[in-house]
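Have a look at the model first, then read on.

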Amino acid sequence: RDKLVTGVQTCALPIWRLDQLLQPYYERDLAAGTLTREEAVEWMVELAIRLYLPYDVQAITLGGVDADGNPAICEMSRIILEATEEFGEIRDLSVRVNSRTPDDFLQRCARLVLRGGGIPFFFNDDCFIPSLAGRGIALEDARNYAPIGCVELTIPGKANSHAVSGWFNLLRVLELTLFGGCDPLTGDRLLPESPALPELASFDELRKYFDRNVETMAARMIYHCRREERQQGIFGSLPAWSLLTPSCLERGRDITDGGAKYNWHSICLLGVPDTADSLIALKQLLFDGHRVAPGELLDAMKQDFKGNEPLRELLRNRAPKYGNGDDETDRLAAGLSRDFIALMDRWSEPENRIFVHLFSFYLNIYFGENVGAMPDGRHAGEPLAYSLSPHQGRDSEGVTMLLRSLAKQPHREAAGGSAAIIDLHPSLFAGTSGEQRFVALLRGALEMGIGQMQWNVVSAERLEQAKRDPEHYGNIPVRVAGYSQLFKLIPSEIQDHLIARTKHLR
(Lines give C-alpha, C1' and ligand atoms only; values in the text may rest on other atoms or scores of the structure.)
Protein backbone atom coordinates (compact mmCIF):
# COMPACT_ATOMS: atom_id res chain seq x y z
CA ARG A 1 0.00 0.00 0.00
CA ASP A 2 2.96 2.33 0.24
CA LYS A 3 3.61 2.11 -3.50
CA LEU A 4 2.46 5.52 -4.69
CA VAL A 5 4.70 5.80 -7.70
CA THR A 6 6.99 3.65 -9.78
CA GLY A 7 9.96 4.46 -11.94
CA VAL A 8 10.14 2.14 -14.94
CA GLN A 9 10.94 2.40 -18.62
CA THR A 10 9.30 0.36 -21.37
CA CYS A 11 9.75 0.11 -25.10
CA ALA A 12 7.50 -1.05 -27.93
CA LEU A 13 8.48 -1.74 -31.54
CA PRO A 14 6.63 0.88 -33.57
CA ILE A 15 6.65 1.15 -37.34
CA TRP A 16 5.52 4.78 -37.10
CA ARG A 17 3.80 6.48 -40.06
CA LEU A 18 3.75 3.60 -42.51
CA ASP A 19 1.55 5.32 -45.09
CA GLN A 20 3.97 8.25 -45.35
CA LEU A 21 6.93 5.88 -45.67
CA LEU A 22 5.37 3.75 -48.41
CA GLN A 23 3.46 6.32 -50.48
CA PRO A 24 6.44 7.39 -52.66
CA TYR A 25 7.24 3.74 -53.47
CA TYR A 26 3.58 3.04 -54.24
CA GLU A 27 3.40 6.01 -56.62
CA ARG A 28 6.62 4.96 -58.37
CA ASP A 29 5.57 1.35 -58.86
CA LEU A 30 2.07 2.34 -59.94
CA ALA A 31 3.48 4.71 -62.57
CA ALA A 32 5.93 2.05 -63.77
CA GLY A 33 3.12 -0.47 -64.16
CA THR A 34 4.78 -2.95 -61.79
CA LEU A 35 2.04 -2.76 -59.15
CA THR A 36 -1.74 -2.36 -59.03
CA ARG A 37 -3.80 -1.02 -56.17
CA GLU A 38 -5.29 -4.48 -55.58
CA GLU A 39 -1.79 -5.94 -55.32
CA ALA A 40 -0.80 -3.22 -52.84
CA VAL A 41 -3.72 -4.24 -50.60
CA GLU A 42 -2.56 -7.87 -50.84
CA TRP A 43 0.98 -6.87 -49.85
CA MET A 44 -0.34 -5.00 -46.80
CA VAL A 45 -2.40 -8.03 -45.78
CA GLU A 46 0.71 -10.17 -46.16
CA LEU A 47 2.67 -7.72 -44.01
CA ALA A 48 -0.02 -7.91 -41.31
CA ILE A 49 0.18 -11.71 -41.37
CA ARG A 50 3.95 -11.65 -41.00
CA LEU A 51 3.85 -9.14 -38.17
CA TYR A 52 0.97 -10.74 -36.31
CA LEU A 53 1.44 -11.48 -32.60
CA PRO A 54 -1.26 -12.26 -30.02
CA TYR A 55 -0.15 -9.13 -28.14
CA ASP A 56 0.68 -6.55 -30.77
CA VAL A 57 2.73 -3.44 -29.99
CA GLN A 58 4.15 -3.01 -33.49
CA ALA A 59 2.34 0.29 -33.79
CA ILE A 60 1.39 1.66 -37.19
CA THR A 61 0.18 5.25 -37.54
CA LEU A 62 -1.77 6.69 -40.49
CA GLY A 63 -2.94 10.11 -41.56
CA GLY A 64 -2.22 13.42 -39.85
CA VAL A 65 -0.37 16.27 -41.52
CA ASP A 66 3.00 16.74 -43.18
CA ALA A 67 5.88 18.92 -41.99
CA ASP A 68 4.20 21.99 -43.53
CA GLY A 69 0.89 21.32 -41.83
CA ASN A 70 -0.94 20.11 -44.94
CA PRO A 71 -3.26 17.07 -44.75
CA ALA A 72 -1.25 13.86 -45.20
CA ILE A 73 -4.05 11.39 -45.95
CA CYS A 74 -2.85 9.51 -49.05
CA GLU A 75 -3.80 6.42 -50.99
CA MET A 76 -1.56 4.23 -48.82
CA SER A 77 -3.54 5.46 -45.78
CA ARG A 78 -6.68 4.02 -47.33
CA ILE A 79 -4.95 0.88 -48.57
CA ILE A 80 -3.62 0.01 -45.11
CA LEU A 81 -7.06 0.56 -43.56
CA GLU A 82 -8.62 -1.66 -46.22
CA ALA A 83 -5.96 -4.33 -45.66
CA THR A 84 -6.52 -4.20 -41.89
CA GLU A 85 -10.23 -4.82 -42.43
CA GLU A 86 -9.50 -7.69 -44.83
CA PHE A 87 -6.91 -9.20 -42.48
CA GLY A 88 -9.59 -9.42 -39.80
CA GLU A 89 -7.27 -9.82 -36.80
CA ILE A 90 -6.26 -7.28 -34.17
CA ARG A 91 -3.59 -4.77 -35.21
CA ASP A 92 -1.99 -1.94 -33.30
CA LEU A 93 -3.30 0.73 -35.63
CA SER A 94 -3.64 4.44 -34.90
CA VAL A 95 -4.97 7.23 -37.07
CA ARG A 96 -4.12 10.89 -36.71
CA VAL A 97 -7.17 13.01 -37.43
CA ASN A 98 -8.12 16.66 -37.35
CA SER A 99 -10.81 19.05 -38.55
CA ARG A 100 -9.66 18.65 -42.19
CA THR A 101 -9.65 14.84 -42.31
CA PRO A 102 -11.95 13.79 -45.20
CA ASP A 103 -15.21 11.97 -44.50
CA ASP A 104 -14.37 8.95 -46.67
CA PHE A 105 -11.31 8.23 -44.53
CA LEU A 106 -13.27 8.57 -41.28
CA GLN A 107 -16.01 6.35 -42.69
CA ARG A 108 -13.49 3.63 -43.48
CA CYS A 109 -12.24 3.96 -39.89
CA ALA A 110 -15.83 3.73 -38.65
CA ARG A 111 -16.30 0.39 -40.41
CA LEU A 112 -13.38 -1.02 -38.45
CA VAL A 113 -14.50 0.42 -35.12
CA LEU A 114 -18.09 -0.79 -35.42
CA ARG A 115 -17.07 -4.38 -35.98
CA GLY A 116 -15.62 -4.31 -32.43
CA GLY A 117 -12.14 -4.38 -31.01
CA GLY A 118 -11.45 -0.66 -30.64
CA ILE A 119 -9.31 -0.43 -33.79
CA PRO A 120 -8.14 2.09 -34.89
CA PHE A 121 -7.43 4.53 -32.06
CA PHE A 122 -7.80 8.22 -32.86
CA PHE A 123 -5.27 10.98 -32.10
CA ASN A 124 -6.37 14.60 -32.48
CA ASP A 125 -3.66 16.61 -34.27
CA ASP A 126 -5.31 19.85 -33.17
CA CYS A 127 -4.42 18.93 -29.57
CA PHE A 128 -1.12 17.09 -29.68
CA ILE A 129 0.82 19.18 -32.20
CA PRO A 130 0.35 22.34 -30.06
CA SER A 131 1.10 20.42 -26.87
CA LEU A 132 4.45 19.21 -28.24
CA ALA A 133 5.35 22.47 -29.99
CA GLY A 134 4.67 24.35 -26.77
CA ARG A 135 7.21 22.24 -24.89
CA GLY A 136 10.37 22.59 -26.91
CA ILE A 137 9.62 20.46 -29.98
CA ALA A 138 10.17 22.21 -33.32
CA LEU A 139 6.86 22.64 -35.12
CA GLU A 140 7.87 20.59 -38.17
CA ASP A 141 8.93 17.76 -35.84
CA ALA A 142 5.78 18.03 -33.73
CA ARG A 143 3.76 17.56 -36.92
CA ASN A 144 5.51 14.20 -37.37
CA TYR A 145 4.57 12.78 -33.94
CA ALA A 146 3.43 9.18 -33.55
CA PRO A 147 2.46 6.90 -30.66
CA ILE A 148 5.06 4.38 -29.52
CA GLY A 149 2.80 1.44 -28.73
CA CYS A 150 -0.31 2.48 -26.81
CA VAL A 151 -0.81 6.25 -26.60
CA GLU A 152 2.67 7.45 -25.59
CA LEU A 153 3.77 10.15 -28.04
CA THR A 154 7.23 10.52 -29.49
CA ILE A 155 9.03 12.04 -32.47
CA PRO A 156 10.16 9.14 -34.70
CA GLY A 157 13.92 8.91 -35.04
CA LYS A 158 14.59 12.05 -33.02
CA ALA A 159 13.54 11.45 -29.41
CA ASN A 160 14.47 9.51 -26.33
CA SER A 161 11.06 9.76 -24.69
CA HIS A 162 11.54 7.35 -21.75
CA ALA A 163 8.05 5.92 -22.03
CA VAL A 164 7.01 5.37 -19.31
CA SER A 165 9.35 6.63 -16.60
CA GLY A 166 6.83 6.88 -13.78
CA TRP A 167 3.26 6.18 -12.67
CA PHE A 168 1.65 8.56 -10.18
CA ASN A 169 -1.37 7.37 -8.16
CA LEU A 170 -3.25 10.58 -7.38
CA LEU A 171 -6.05 8.90 -5.42
CA ARG A 172 -3.59 7.26 -3.02
CA VAL A 173 -2.15 10.69 -2.21
CA LEU A 174 -5.65 11.94 -1.37
CA GLU A 175 -6.25 8.92 0.88
CA LEU A 176 -3.06 9.58 2.82
CA THR A 177 -3.90 13.27 3.05
CA LEU A 178 -7.29 12.56 4.64
CA PHE A 179 -5.54 10.50 7.32
CA GLY A 180 -2.90 13.13 8.10
CA GLY A 181 -0.17 11.52 5.98
CA CYS A 182 -0.51 8.03 7.51
CA ASP A 183 -1.64 4.75 6.03
CA PRO A 184 -5.13 4.10 7.48
CA LEU A 185 -4.50 0.35 7.86
CA THR A 186 -0.95 0.20 9.18
CA GLY A 187 -0.58 3.62 10.76
CA ASP A 188 2.77 4.06 9.01
CA ARG A 189 3.68 7.65 8.20
CA LEU A 190 4.28 7.99 4.46
CA LEU A 191 3.93 11.77 4.07
CA PRO A 192 4.87 14.79 6.18
CA GLU A 193 2.65 15.28 9.21
CA SER A 194 -0.48 17.31 8.53
CA PRO A 195 -4.01 17.68 10.00
CA ALA A 196 -6.34 14.75 9.34
CA LEU A 197 -9.79 15.38 7.88
CA PRO A 198 -11.58 16.13 11.22
CA GLU A 199 -9.03 18.89 11.92
CA LEU A 200 -9.48 20.68 8.61
CA ALA A 201 -11.70 23.76 8.68
CA SER A 202 -12.46 24.10 4.98
CA PHE A 203 -12.23 22.52 1.58
CA ASP A 204 -9.55 25.05 0.62
CA GLU A 205 -7.43 23.90 3.56
CA LEU A 206 -7.82 20.29 2.44
CA ARG A 207 -6.67 21.26 -1.04
CA LYS A 208 -3.67 23.08 0.38
CA TYR A 209 -2.37 19.97 2.14
CA PHE A 210 -3.34 17.67 -0.72
CA ASP A 211 -1.49 19.82 -3.27
CA ARG A 212 1.54 19.95 -0.97
CA ASN A 213 1.55 16.16 -0.67
CA VAL A 214 1.26 15.72 -4.44
CA GLU A 215 4.35 17.87 -4.85
CA THR A 216 6.22 15.92 -2.16
CA MET A 217 5.55 12.56 -3.76
CA ALA A 218 6.15 13.86 -7.28
CA ALA A 219 9.56 15.17 -6.23
CA ARG A 220 10.51 11.69 -5.00
CA MET A 221 9.35 10.16 -8.27
CA ILE A 222 11.26 12.57 -10.49
CA TYR A 223 14.41 12.02 -8.43
CA HIS A 224 14.22 8.28 -9.11
CA CYS A 225 13.42 8.77 -12.80
CA ARG A 226 16.49 10.91 -13.37
CA ARG A 227 18.62 8.65 -11.20
CA GLU A 228 17.68 5.64 -13.33
CA GLU A 229 18.44 7.62 -16.49
CA ARG A 230 21.95 8.38 -15.24
CA GLN A 231 22.45 4.74 -14.23
CA GLN A 232 21.55 3.62 -17.75
CA GLY A 233 24.29 5.84 -19.14
CA ILE A 234 26.78 4.42 -16.64
CA PHE A 235 25.91 0.74 -17.00
CA GLY A 236 25.62 0.42 -20.74
CA SER A 237 25.05 2.03 -24.11
CA LEU A 238 22.22 1.11 -26.49
CA PRO A 239 23.92 0.83 -29.89
CA ALA A 240 21.01 -0.69 -31.85
CA TRP A 241 18.58 2.01 -30.72
CA SER A 242 21.22 4.67 -31.34
CA LEU A 243 21.84 3.44 -34.89
CA LEU A 244 18.11 3.75 -35.60
CA THR A 245 18.05 7.33 -34.31
CA PRO A 246 19.50 9.62 -37.01
CA SER A 247 20.32 12.42 -34.60
CA CYS A 248 22.57 10.04 -32.65
CA LEU A 249 24.54 9.38 -35.82
CA GLU A 250 24.72 13.10 -36.60
CA ARG A 251 25.99 13.90 -33.10
CA GLY A 252 28.17 10.80 -32.76
CA ARG A 253 26.66 10.08 -29.35
CA ASP A 254 24.74 7.16 -27.89
CA ILE A 255 21.08 7.70 -27.10
CA THR A 256 21.89 7.31 -23.39
CA ASP A 257 24.43 10.12 -23.71
CA GLY A 258 22.37 12.91 -25.25
CA GLY A 259 22.42 11.63 -28.82
CA ALA A 260 18.72 12.17 -29.43
CA LYS A 261 17.55 15.61 -30.55
CA TYR A 262 14.84 15.53 -27.88
CA ASN A 263 15.04 13.96 -24.43
CA TRP A 264 12.15 13.78 -21.99
CA HIS A 265 10.59 11.65 -19.28
CA SER A 266 6.98 10.57 -19.61
CA ILE A 267 4.92 10.35 -16.42
CA CYS A 268 1.51 8.64 -16.26
CA LEU A 269 -1.03 10.34 -14.00
CA LEU A 270 -3.60 7.84 -12.69
CA GLY A 271 -6.81 8.36 -10.71
CA VAL A 272 -7.89 11.81 -11.86
CA PRO A 273 -11.62 10.90 -12.26
CA ASP A 274 -11.74 9.06 -8.90
CA THR A 275 -9.95 11.87 -7.08
CA ALA A 276 -12.33 14.45 -8.54
CA ASP A 277 -15.34 12.35 -7.46
CA SER A 278 -13.97 12.09 -3.92
CA LEU A 279 -13.12 15.78 -3.66
CA ILE A 280 -16.51 16.95 -4.93
CA ALA A 281 -18.22 14.63 -2.42
CA LEU A 282 -16.14 16.10 0.40
CA LYS A 283 -16.85 19.64 -0.74
CA GLN A 284 -20.60 19.31 -1.23
CA LEU A 285 -21.58 16.78 1.44
CA LEU A 286 -19.07 17.48 4.21
CA PHE A 287 -17.69 21.03 4.08
CA ASP A 288 -20.64 22.82 2.42
CA GLY A 289 -23.66 20.64 3.16
CA HIS A 290 -22.62 19.24 6.58
CA ARG A 291 -24.44 16.00 5.74
CA VAL A 292 -21.41 13.88 6.57
CA ALA A 293 -19.34 14.02 9.76
CA PRO A 294 -15.57 13.81 9.10
CA GLY A 295 -14.79 11.39 11.94
CA GLU A 296 -17.63 9.09 10.95
CA LEU A 297 -16.45 9.14 7.34
CA LEU A 298 -12.87 8.16 8.22
CA ASP A 299 -14.09 5.35 10.47
CA ALA A 300 -16.36 4.07 7.70
CA MET A 301 -13.51 4.23 5.17
CA LYS A 302 -11.26 2.20 7.50
CA GLN A 303 -14.00 -0.47 7.68
CA ASP A 304 -14.67 -0.34 3.92
CA PHE A 305 -18.20 0.90 4.77
CA LYS A 306 -19.11 -2.39 6.49
CA GLY A 307 -22.19 -1.73 8.62
CA ASN A 308 -22.54 1.75 7.11
CA GLU A 309 -24.11 1.18 3.71
CA PRO A 310 -26.45 4.22 4.02
CA LEU A 311 -23.41 6.49 4.22
CA ARG A 312 -21.87 4.83 1.19
CA GLU A 313 -25.08 5.23 -0.79
CA LEU A 314 -25.24 8.89 0.19
CA LEU A 315 -21.70 9.43 -1.09
CA ARG A 316 -22.39 7.50 -4.30
CA ASN A 317 -25.75 9.00 -5.16
CA ARG A 318 -25.95 12.48 -3.67
CA ALA A 319 -22.74 13.95 -5.03
CA PRO A 320 -22.15 14.52 -8.77
CA LYS A 321 -19.74 12.30 -10.65
CA TYR A 322 -17.22 13.10 -13.35
CA GLY A 323 -18.33 12.01 -16.81
CA ASN A 324 -21.85 13.46 -16.73
CA GLY A 325 -21.19 17.03 -17.83
CA ASP A 326 -21.39 18.55 -14.34
CA ASP A 327 -19.36 21.76 -14.63
CA GLU A 328 -18.06 21.93 -11.05
CA THR A 329 -16.91 18.30 -11.01
CA ASP A 330 -15.41 18.53 -14.49
CA ARG A 331 -13.52 21.74 -13.67
CA LEU A 332 -12.17 20.08 -10.55
CA ALA A 333 -10.99 17.06 -12.55
CA ALA A 334 -9.45 19.26 -15.24
CA GLY A 335 -7.70 21.31 -12.55
CA LEU A 336 -6.10 18.18 -11.09
CA SER A 337 -4.63 17.29 -14.48
CA ARG A 338 -3.61 20.84 -15.26
CA ASP A 339 -1.92 21.38 -11.88
CA PHE A 340 0.11 18.19 -12.25
CA ILE A 341 1.19 19.13 -15.77
CA ALA A 342 2.22 22.58 -14.52
CA LEU A 343 4.26 20.95 -11.75
CA MET A 344 6.08 18.74 -14.26
CA ASP A 345 6.66 21.76 -16.52
CA ARG A 346 8.18 23.62 -13.58
CA TRP A 347 10.67 20.81 -13.00
CA SER A 348 11.53 20.40 -16.67
CA GLU A 349 14.95 21.34 -18.02
CA PRO A 350 15.64 22.45 -21.61
CA GLU A 351 17.45 19.20 -22.46
CA ASN A 352 15.49 16.96 -20.09
CA ARG A 353 11.80 17.76 -19.98
CA ILE A 354 8.97 16.00 -18.19
CA PHE A 355 5.84 15.29 -20.19
CA VAL A 356 2.60 13.99 -18.72
CA HIS A 357 0.48 11.10 -19.97
CA LEU A 358 -3.14 11.30 -18.85
CA PHE A 359 -3.14 7.54 -19.23
CA SER A 360 -3.29 4.50 -16.97
CA PHE A 361 -2.82 1.46 -19.28
CA TYR A 362 -4.42 -1.47 -17.40
CA LEU A 363 -2.47 -0.59 -14.26
CA ASN A 364 -5.58 1.22 -13.04
CA ILE A 365 -6.63 -2.23 -11.82
CA TYR A 366 -3.46 -2.96 -9.86
CA PHE A 367 -2.94 0.55 -8.53
CA GLY A 368 -6.54 0.46 -7.34
CA GLU A 369 -5.64 -2.50 -5.13
CA ASN A 370 -3.39 -0.16 -3.13
CA VAL A 371 -6.15 2.32 -2.25
CA GLY A 372 -8.76 1.84 0.48
CA ALA A 373 -12.38 2.95 0.52
CA MET A 374 -12.80 6.60 -0.48
CA PRO A 375 -15.33 9.47 -0.05
CA ASP A 376 -16.87 8.83 -3.48
CA GLY A 377 -18.32 5.59 -2.10
CA ARG A 378 -15.65 3.46 -3.73
CA HIS A 379 -14.87 0.14 -2.02
CA ALA A 380 -11.30 -0.69 -1.02
CA GLY A 381 -9.28 -2.31 -3.77
CA GLU A 382 -11.60 -1.41 -6.65
CA PRO A 383 -9.89 -0.52 -9.94
CA LEU A 384 -9.26 3.14 -10.59
CA ALA A 385 -10.94 4.73 -13.57
CA TYR A 386 -9.24 4.01 -16.88
CA SER A 387 -7.15 7.06 -17.84
CA LEU A 388 -9.56 10.02 -18.33
CA SER A 389 -12.65 7.84 -18.66
CA PRO A 390 -15.19 8.04 -15.82
CA HIS A 391 -15.04 5.48 -13.05
CA GLN A 392 -16.72 2.36 -14.40
CA GLY A 393 -20.50 2.69 -14.46
CA ARG A 394 -20.71 6.31 -13.30
CA ASP A 395 -21.35 7.99 -16.66
CA SER A 396 -25.14 7.78 -16.52
CA GLU A 397 -26.12 10.74 -18.73
CA GLY A 398 -25.09 9.41 -22.11
CA VAL A 399 -22.21 9.85 -24.52
CA THR A 400 -22.79 13.56 -25.20
CA MET A 401 -22.34 14.48 -21.54
CA LEU A 402 -19.36 12.14 -21.31
CA LEU A 403 -17.70 13.99 -24.19
CA ARG A 404 -18.41 17.31 -22.47
CA SER A 405 -16.54 16.12 -19.40
CA LEU A 406 -13.62 14.81 -21.45
CA ALA A 407 -13.41 18.05 -23.45
CA LYS A 408 -12.64 20.08 -20.32
CA GLN A 409 -9.43 18.17 -19.71
CA PRO A 410 -6.16 19.90 -20.77
CA HIS A 411 -5.46 17.74 -23.83
CA ARG A 412 -3.45 20.56 -25.44
CA GLU A 413 -1.05 20.48 -22.48
CA ALA A 414 -0.58 16.71 -22.19
CA ALA A 415 2.50 16.36 -24.38
CA GLY A 416 2.92 12.70 -23.45
CA GLY A 417 -0.62 11.96 -24.65
CA SER A 418 -4.09 11.74 -23.16
CA ALA A 419 -6.44 8.79 -23.37
CA ALA A 420 -10.07 7.81 -22.90
CA ILE A 421 -11.99 4.66 -23.74
CA ILE A 422 -15.53 5.46 -24.79
CA ASP A 423 -17.65 2.34 -24.33
CA LEU A 424 -20.82 2.33 -26.44
CA HIS A 425 -23.60 -0.18 -26.92
CA PRO A 426 -23.87 -1.65 -30.46
CA SER A 427 -27.53 -0.63 -30.64
CA LEU A 428 -26.45 3.01 -30.93
CA PHE A 429 -25.09 2.26 -34.40
CA ALA A 430 -27.74 -0.17 -35.65
CA GLY A 431 -29.11 0.29 -39.16
CA THR A 432 -27.70 1.54 -42.42
CA SER A 433 -26.71 4.96 -41.03
CA GLY A 434 -24.59 3.58 -38.18
CA GLU A 435 -21.28 4.54 -39.78
CA GLN A 436 -22.50 8.09 -40.45
CA ARG A 437 -23.62 8.40 -36.82
CA PHE A 438 -20.18 7.34 -35.63
CA VAL A 439 -18.42 9.81 -37.96
CA ALA A 440 -20.66 12.63 -36.70
CA LEU A 441 -19.90 11.68 -33.09
CA LEU A 442 -16.17 11.55 -33.80
CA ARG A 443 -16.18 14.92 -35.57
CA GLY A 444 -18.02 16.43 -32.63
CA ALA A 445 -15.39 15.07 -30.23
CA LEU A 446 -12.58 16.48 -32.40
CA GLU A 447 -14.20 19.91 -32.53
CA MET A 448 -14.61 19.84 -28.74
CA GLY A 449 -10.84 19.37 -28.40
CA ILE A 450 -10.65 15.83 -27.02
CA GLY A 451 -7.16 14.42 -27.51
CA GLN A 452 -7.03 10.65 -27.87
CA MET A 453 -10.05 8.35 -28.12
CA GLN A 454 -10.46 4.60 -28.11
CA TRP A 455 -14.02 3.61 -29.07
CA ASN A 456 -15.23 0.25 -27.76
CA VAL A 457 -18.54 -0.90 -29.26
CA VAL A 458 -19.63 -3.93 -27.26
CA SER A 459 -22.30 -5.09 -24.81
CA ALA A 460 -21.77 -6.50 -21.33
CA GLU A 461 -24.04 -9.41 -22.25
CA ARG A 462 -21.69 -10.41 -25.06
CA LEU A 463 -18.65 -10.17 -22.76
CA GLU A 464 -20.36 -12.26 -20.08
CA GLN A 465 -21.14 -14.87 -22.73
CA ALA A 466 -17.47 -14.88 -23.77
CA LYS A 467 -16.36 -15.38 -20.17
CA ARG A 468 -18.81 -18.24 -19.58
CA ASP A 469 -17.90 -20.07 -22.78
CA PRO A 470 -14.51 -18.88 -24.08
CA GLU A 471 -14.15 -21.84 -26.45
CA HIS A 472 -17.18 -20.85 -28.53
CA TYR A 473 -17.55 -17.12 -27.85
CA GLY A 474 -14.16 -15.93 -26.57
CA ASN A 475 -12.81 -14.73 -29.92
CA ILE A 476 -14.58 -11.40 -29.57
CA PRO A 477 -11.98 -8.57 -29.84
CA VAL A 478 -12.26 -5.77 -27.28
CA ARG A 479 -10.44 -2.62 -26.34
CA VAL A 480 -8.69 -3.31 -23.03
CA ALA A 481 -6.52 -0.30 -22.19
CA GLY A 482 -3.82 1.01 -24.52
CA TYR A 483 -4.26 -2.12 -26.57
CA SER A 484 -6.92 -4.48 -27.95
CA GLN A 485 -7.10 -8.22 -27.42
CA LEU A 486 -9.30 -11.28 -27.89
CA PHE A 487 -11.45 -11.54 -24.79
CA LYS A 488 -10.45 -15.13 -24.03
CA LEU A 489 -6.76 -14.14 -23.87
CA ILE A 490 -7.31 -11.42 -21.25
CA PRO A 491 -6.59 -12.22 -17.56
CA SER A 492 -9.71 -12.92 -15.51
CA GLU A 493 -9.45 -9.83 -13.31
CA ILE A 494 -9.24 -7.60 -16.37
CA GLN A 495 -12.18 -9.41 -17.97
CA ASP A 496 -14.25 -8.62 -14.86
CA HIS A 497 -13.20 -4.96 -15.09
CA LEU A 498 -14.26 -4.78 -18.75
CA ILE A 499 -17.67 -6.26 -17.94
CA ALA A 500 -18.13 -3.81 -15.07
CA ARG A 501 -17.08 -0.97 -17.37
CA THR A 502 -19.83 -1.78 -19.87
CA LYS A 503 -22.68 -3.09 -17.66
CA HIS A 504 -24.42 0.27 -17.42
CA LEU A 505 -24.64 0.70 -21.20
CA ARG A 506 -28.05 0.45 -22.85
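Phe361 sits in the loop between strand E10 (353–358) and helix H15 (363–368); helices (H or I, at least four residues) and strands (E, at least two) are DSSP runs, numbered from the N terminus. Its phi is near 55°, a positive value in a residue other than glycine. Phe361 counts as buried, with 13% relative accessibility; buried means under 20% relative accessible area, exposed over 50%, and partly exposed in between (1.4 Å probe, protein chains only).

A word on what you're looking at: this is a predicted model, where local features need pLDDT of at least 70, side-chain atom pairs count only at pLDDT 80 or more, and totals for chains, interfaces and linings use all residues. Residues are numbered from 1 along each chain as its sequence is written, and side-chain values use heavy atoms, with hydrogens and water left out.

Back to the backbone. Most residues other than glycine have a negative phi, and most peptide bonds are trans. Here are some spots that go another way:

| Residue | Feature | Where |
|---|---|---|
| Pro120 | cis bond with Ile119, omega about -5° | loop between helix H4 (103–114) and strand E4 (121–124) |
| Val164 | cis bond with Ala163, omega about 0° | loop between strand E7 (159–160) and strand E8 (166–169) |

Is His290 buried or exposed? At 63% relative accessibility, His290 counts as exposed.

H11 covers residues 272–288, and at 1.5 Å a residue its 17 residues should span 24 Å; the end C-alpha atoms are 22 Å apart, which agrees. (The expected span is 1.5 Å times one less than the number of residues.) H11 bends by about 25° at Leu282, the bend being the angle between axes fitted to the seven residues ending there and the seven starting there. Of the 17 residues of H11, 14 are buried, so the helix is largely enclosed by the rest of the structure.

Now the cysteines. How many disulfides are there? The count comes to 0, taking a disulfide as a pair of cysteine sulfur atoms within 2.5 Å. For Cys225, the closest cysteine sulfur is in Cys268, 11 Å away, and that is too far for a bond. Cys225 is buried, at 2% relative accessible area, and Cys248 counts as buried too, at 3% relative accessibility.
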